[in-house]
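Notes follow as I go.

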Amino acid sequence: MSRDISMRAEYAFWLLPVLAYFVFGENLALLSQIAITALFVLSLDLILGYAGIISLGHAAFFGLGAYAAGLLAKYGWGDPLLGLAAGALVAATAGFASSFLVLRGSDLTRLMVTLGVSLMLFEAANKLTDFTGGVDGLQGVEMQPLLGLFSFDLYSKTAYWYSLAVLFLLFWLARRLVRSPFGLSLRGIKQNVTRMPALGTPVHRRLVAIYSIGAAYAGVAGALLTQTTQFVSLDVMAFSRSAELLLILVLGGSGNLYGALIGTIVFMAAHHFLADINPQYWQFWLGAALVLVVLFARDGIMGMLRRLVTRGAQ
Amino acid sequence: MPPVLETRKLSKRFGGFIACNDVSLNIQPGARHALIGPNGAGKTTLINLLSGFLEPGAGEVFLRGENVTRLAQHRRVKRGLVRTFQINQLFAEMTVLESVVLSTCERLGLGWRWWQPVENHVHAVSEATELLSSLHLLDVAQEKVRSLPYGKRRLIEIALALASKPQILLLDEPAAGVPASESRELFERIARLPRDVTILLIEHDMDLVFRFAERITVMVGGALLAEDVPEVIANDRRVKEVYLGEAHDA
Amino acid sequence: MTVVFDGIASGLLLFLISVGLSVTLGLMNFVNLAHGAFAMFGGYVCVVLLNRLGVPFLATLPIVFLASALLGVLLERTLYRRLYGASHLDQVLFSIGLVFMSISTAHYFFGAQQQPLQLPPMLLGQFHLPGLDIGVYRLFLIVVGLAIAFALQWMLTGTRFGAQLRAAVDNPRAARGLGIDVDRIFVLTFALGSGLAGLGGALGVDMLGLDPGFPVKYIAYFLIVVAVGGSGSIKGSLIASLILGIGDVAGKYYIPQAGAFVIYAIMVLMLIVRPQGLFGRTAAK
């Protein structure tokens with residue numbers, strides 16, 4: 001019964017982006033950005049919301065994916081899907097390699113290592129100007145048509161459907177993953193890491209796996225951003241992007257895939273309407289929102305919705 | 001018979017404190033073995049060393065003749081050595097069924113499956129359901145673990161271990177904090193385990209220990225003091241001194 | 001040699017700013033990523049006093065210290081204390097929120113540009129020894145930094161307050177049982193840490209610069225000091241700051257194209273080499 005309802009709610013939810021295409025047809029560039037950001041938030045949700053790995057440097061993987069796709073396209077391999085694969089691969093490799101540093105030690109060490117690694121990569125991207133363009137960004141990203149059929153147009157129609165399709169596909173995979181025994185074991189690790197080895201779980205390997213998967217998701221998101229904007233700016237790797245990401249996830253409600261999506265929509269919409277008025281105010285209210293969420297609404301929008309629903313049912 | 005679990009000169013110190021000192025212990029297959037001793041005697045530390053939760057400073061652990069001293073905890077579980085915790089280690093936000101299924105999934109080697117949802121792994125679910133039913137926990141199967149009263153949660157602590165189908169079960173004060181009526185039931189359930197399951201038990205309630213155990217080891221100050229059948233231990237002068245001494249302190 | 005000297009000066013500056021973080025993070029187990037905001041606040045107070053109100057530089061310093069400490073008390077009482085028991089993630093999110101707010105507040109009042117700071121003539125200039133140029137201001141930083149380091153060390157190990165702080169941190173409940181006012185100890189400690197951060201921020205305007213991005217730009221440096229120096233140890237923080245200061249200056253001097261990369265690499269390396277030892281105290285809890 002309640003399962004039926006939640007299924008219907010899911011179908012309804014995914015009709016929204018289709019509706020949005022017709023209603024907000026002039027804003028497709030923004031809508032693509034929302035889809036890409038949602039994918040990025042989803043990638044953090046997998047590692048933080050489900051597996052409980054704190055990261056202050058998740059933008060590193062986003063940035064790696066963005067540069068990987070950008071450089072490929074710049075030097076002639078402009079096929080979008082190839083770029084996505086490259087972004088995923090580069091980020092997953094980096095995630096796998098750094099997981100051995102990140103996963104040892106306490107939360108505090110994890111915070112520091114993720115921050116340190118991402119700052120290192122940011123500095124590297126900043127200084128390797130021949131390669132990345134440094135602060136000027138990576139120019140000359142030329143994309144070929146998607147599947148050889150749909151070229152990236154001025155109105156972002158291709159960009160929108162492309163981003164949305166990738167988001168939908170990866171969301172669907174993530175949804176399978178978190179409901180599987182593997183996903184259950186991740187929740188187990190998050191809730192009680194002491195107990196899991198006593199059930200026979202190789203905790204470290206599970207975490208390495210999900211950390212690499214999360215990195216790959218972030219890499220795909222980064223690659224998508226590059227391909228849809230045909231440009232890579234240095235701030236794809238910036239600390240503020242990692243911090244913003246955490247905020248969106250917490251705002252939406254971590255440990256919930258739809259929380260990641262809804263958080264992104266709310267955040268991006270607010271950003272779109274408020275940041276234009278005054279960027280400084282925006283950052284101030286962003287900070288204030290973060291403080292308030294932590295103090296008063298720790299389970300985010302999804303938590304509030306859930307409470308509303310239970311209250312309504314009574 | 002060769003021991004199923006054996007330690008040789010096992011030692012562990014925390015800073016200046018020697019929690020476990022040169023402990024050499026043999027557990028026979030199918031044993032109902034109790035480990036007793038005053039608080040701070042090092043009993044839990046010994047369990048932690050046996051299960052691989054801690055690494056010893058010196059000495060070795062053998063599991064069915066295999067040296068497992070450096071073997072990771074989860075690999076010992078795969079070899080049938082399973083423990084419970086003195087302080088409940090549960091999954092507060094899961095339902096009772098979910099947490100037991102988590103355990104059966106791991107036992108059945110399904111922990112890496114990521115495509116099919118949990119409920120499609122019928123074998124794991126039915127095994128968990130049977131276990132819950134045998135522990136009279138079926139009626140709370142859909143409740144969140146954190147919402148249950150302490151006695152029930154203590155049972156789940158044991159259920160998680162039983163779901164691993166242990167061949168050697170290390171129970172760290174399973175009845176701690178459980179009302180007397182329920183603890184009797186709990187022990188009857190443990191006693192009903194098949195005879196080929198070896199059990200090593202830490203317990204403070206002497207009634208339960210003497211009713212259940214067929215062999216008793218007494219630990220004091222990190223070292224083994226005595227080991228024998230219950231009748232002998234009950235009349236051992238040194239053991240009496242230890243417990244009387246504790247009574248004087250209290 | 002000059003590189004080493006400059007490195008020591010910038011190391012002591014880092015020490016002043018970071019030592020408060022070392023205490024909140026290492027001893028009170030609170031991840032306060034907004035620590036740099038207190039330093040920035042101190043910097044702006046100093047600049048305003050000096051440039052707009054004409055207070056002499058040296059006279060601004062005690063005012064800066066008190067103002068930052070007061071801000072620390074205010075925030076501790078109203079906000080921070082609610083999160084002492086919270087998860088590290090919550091503390092991180094909360095303090096990032098504060099960082100965002102501080103950045104935009106600074107931006108609102110002072111704009112994005114670097115703040116100029118005119119040091120008094122007596123602190124300007126250099127004297128030259130064979131192979132070593134000594135900047136007077138750097139020498140001043142070294143003297144002040146060392147003096148404060150020794151004072152802190154003495155306070156933590158030699159006074160009643162220090163003993164109470166250590167007791168309160170080791171076991172708050174037991175300390176309360178002994179009649180120690182744990183709340184008050186934490187407030188005072190927090191105030192002291194914020195005050196020193198503010199003071200460091202003011203002293204650092206000349207070397208580190210001052211703009212709204214300050215709390216983010218240097219957060220890694222402060223964290224490294226704590227990570228490398230160990231939990232709440234004055235001596236550890238001092239040594240770590242010095243290594244970091246010298247490494248940073250040397251890195252920028254000899255391989256300028258690498259920029260801050262050297263420092264971040266040191267940070268990650270340190271964390272690889274000593275992942276457990278760094279936060280031994282937290283891990284034991």
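This is a predicted model: local features need pLDDT of at least 70, side-chain atom pairs count only at pLDDT 80 or more; totals for chains, interfaces and linings use all residues.

**Entry 1**

β4(B) and β5(B) are joined by 2 bridges and run antiparallel, so the pair meets the rule of at least two bridges.

Next I went to β1 (residues 5-14) and β4 (residues 58-63) of chain B, which pair antiparallel over 5 bridges. I picked out B:Thr7, which faces B:Val61 in β4(B). B:Arg8 has B:Glu60 of β4(B) as its bridge partner.

Then I put the whole sheet in order. It is open, with 4 strands running β2-β1-β4-β5 in chain B, and the pairing is antiparallel. The edges are β2 (17-27) and β5 (66-67) of chain B, each with pairing on one side only. Helix α1 (residues 43-51) of chain B packs on this sheet and touches β1, β2 and β4 of chain B. I noted its direction too: about 120° to that of β1(B).

**Entry 2: where chain C meets chain A**

I moved on to the contact between chains. Chain C puts in 43 residues and chain A 37. Together they bury about 3700 Å², with 82% of that on carbon and sulfur atoms. I asked which three residues of chain C supply more of its buried area than any other three. They are C:Leu89, C:Leu93 and C:Phe100, at 18% of what chain C buries against chain A.

How many salt bridges cross this interface? I found 0 between chain C and chain A. For polar contact, I found 1 residue pair across the interface, both at pLDDT 80 or more.

Last, I sorted chain C's side by element. Those giving two or more residues are α4 (88-110), α10 (219-229) and α12 (261-273) of chain C. α4(C) gives the most, with 16 residues. By residue type, the side of chain C that touches chain A splits into 32 nonpolar, 9 polar and 2 charged.

Terms used: Residues are numbered from 1 along each chain as its sequence is written. Chains are lettered from A and ligands numbered from 1 in the order in which they are written. Side-chain values use heavy atoms; hydrogens and water are left out. Contact means heavy atoms within 4.5 Å. Buried area is the accessible area (1.4 Å probe) that two parts lose on being put together, summed over both. A salt bridge is a side-chain nitrogen of Lys or Arg within 4 Å of a carboxyl oxygen of Asp or Glu. A polar contact is a pair of N or O atoms within 3.5 Å; within protein, one must be able to donate a hydrogen and the other to accept it, and residues adjacent in sequence count only if both atoms are side-chain atoms. Ala, Val, Leu, Ile, Met, Phe, Trp, Tyr, Cys and Pro count as nonpolar, Asp, Glu, Lys and Arg as charged, and the others, Gly among them, as polar. Axes are lines fitted to C-alpha atoms, for helices over the stretch in contact, and angles run from 0 to 180 degrees between N-to-C directions.
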